[in-house]
Amino acid sequence: MRYALEMKGITKEFPGVKALDNVQLNVKKGEIHALCGENGAGKSTLIKILSGLYPSGSYEGECLIHGKPQSFSSIRDAETAGIAIIYQELALVSEMTVAENIVLGAEPSRKGVIDWDQVTHDVQRWLAEVGLKNINPQEKIRNLGVGQQQLVEIAKALSKKAEILLLDEPTASLTDSEVEILMGILQELRKRGVTCLYISHKLNEVFRIADTITVLRDGQTVSTRPTSQMTEDQVIAQMVGRELTDRFPKSKRSPGEVLLSVQDYSVYEPGTKSKKVDRISFEIRKGEILGIAGLMGAGRTELVTSLFGGYPGKSDGEVWMDGKNIRIQSPKDAIRLGIALVTENRKETGLILGMDIRQNLSLAHLDRLHRGGVLQENEEVSLAEQYSQELRVKAPSLETVVGTLSGGNQQKVVIGKWLMTQPRLLILDEPTRGIDVGAKYEIYQIMNRLAEKGISIVMVSSELPEILGMSDRILVMHEGRFTAELSHEEATQENIMYAATGGQ
């Protein structure tokens, strides 16, 4: 059988680690082929080889497109061979327009001059294909939401008329309605004979859309089988090398007295009188995991960021901690009070990617690591080693640059950074976004251990199974207000979604 894409004996090494070890991958023409594995299993490295980001000569093995050996020296070479890629991290230029981004590098021209009429005509067609027909092609990318930007990225890939489409976590930032649009696009591409290699940690999506699943573990190919012959539990077992009998580890904890009380609290959009959060009240108890659910745009992130002192818009209302009225005007105030926030975007607001693990872990604790204006490096190293070991961060050393770590290990570093401050209240905004089931399980175990020690946890999550599996109590937000408060026993996906869409 001649495959659309073949990878034979692919081995790729970085200093101190073998990312890929004799990987084999065969993808049929016109199929949607899912690539599953834990963070660090080698999926993104494989994609970067296919896209030309890692050129021939930097790895061992052979790539064939429609049976012909390929040697890519650049991304342009891969595009010429009919490959387009949609990265997990958006690759758009924020100050350029939607149209400019879509045609960038392939602008239609007449006598050396860009034909903008043709650009507008083509771009409108591609935007319509991804459900963005109401978006102005002249709108700047920075004015679009993250989900819309992801769909523009997909439109850009479609514009290249690729025969092979590589999708790396394409739904990580999409709403449910946008995911539906993407699923429809992929089904249409399959009918046209376009081959798709699909990476996602969301196994429900994989089993919905993929024809075949290949599992990687520790840089090696574990199996390739038709989706119809696999179950989610089998895929998970192959990914992590063991069976996870329960994706949400059980914990014995008894929430105590109230730690934080929020009363008639409102948060305003920066520079306006428009409310993102509208006169809400709630409490969080010591040793409790409080889940906050809701659809994108409900005001969840604005609420927790404001409580941490990091939201640019003003707020009013009252916040009480240990029975005392407090006022938090900056993250420094929050840290001093024992409040920590793991933000939803670790790469932009959680980490400094060019710094190493040790430096990132100690960032929020630096005030306590200085004596007379001098950093106590021995103490810093000792604490960094302690938290790195406790959280099982997989890296050659503490001097490993954080930007080179897998998503799951990056998230552990973010959590470790805040645990070093010894918080009493830990706020987690989308704590497991973009990480695999094995790393998720470890983070859930960390949450349970902290709650058992009496630390209060507020968890914002868009994943209903996570909210249901980990929360002692659940608050549901809709348009800036809480529409339901549910105990662990009362909560179901159905009644959470009912409240999230405005039902009382």
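Analyst: Two strands are said to pair if DSSP finds at least two bridges between them; helices (H or I, at least four residues) and strands (E, at least two) are DSSP runs, numbered from the N terminus. The model is predicted, so local features need pLDDT of at least 70, side-chain atom pairs count only at pLDDT 80 or more, and totals for chains, interfaces and linings use all residues. Residues are numbered from 1 along each chain as its sequence is written, and side-chain values use heavy atoms, with hydrogens and water left out.

The sheet is open and has six strands, in the order β6-β9-β10-β3-β11-β12, with mixed pairing. Its edges are β6 (83-86) and β12 (220-226); each has a single partner strand, so one side of each is left without a neighbour in the sheet. On average, neighbouring strands are turned by 15 degrees against each other, direction ignored. For this and the angles below, axes are lines fitted to C-alpha atoms, for helices over the stretch in contact, and angles run from 0 to 180 degrees between N-to-C directions.

Within the sheet, β3 (residues 32-36) and β10 (residues 195-199) run parallel and are joined by four bridges. Leu35 stands opposite Ile199 in β10.

Helix α1 (residues 43-50) lies across β3, β6, β9 (164-168), β10 and β11 (212-217), at about 150 degrees to β10. Helix α6 (residues 176-192) lies across β3, β9 and β10, and runs at about 145 degrees to β10.

Notes:
Contact = heavy atoms within 4.5 Å.
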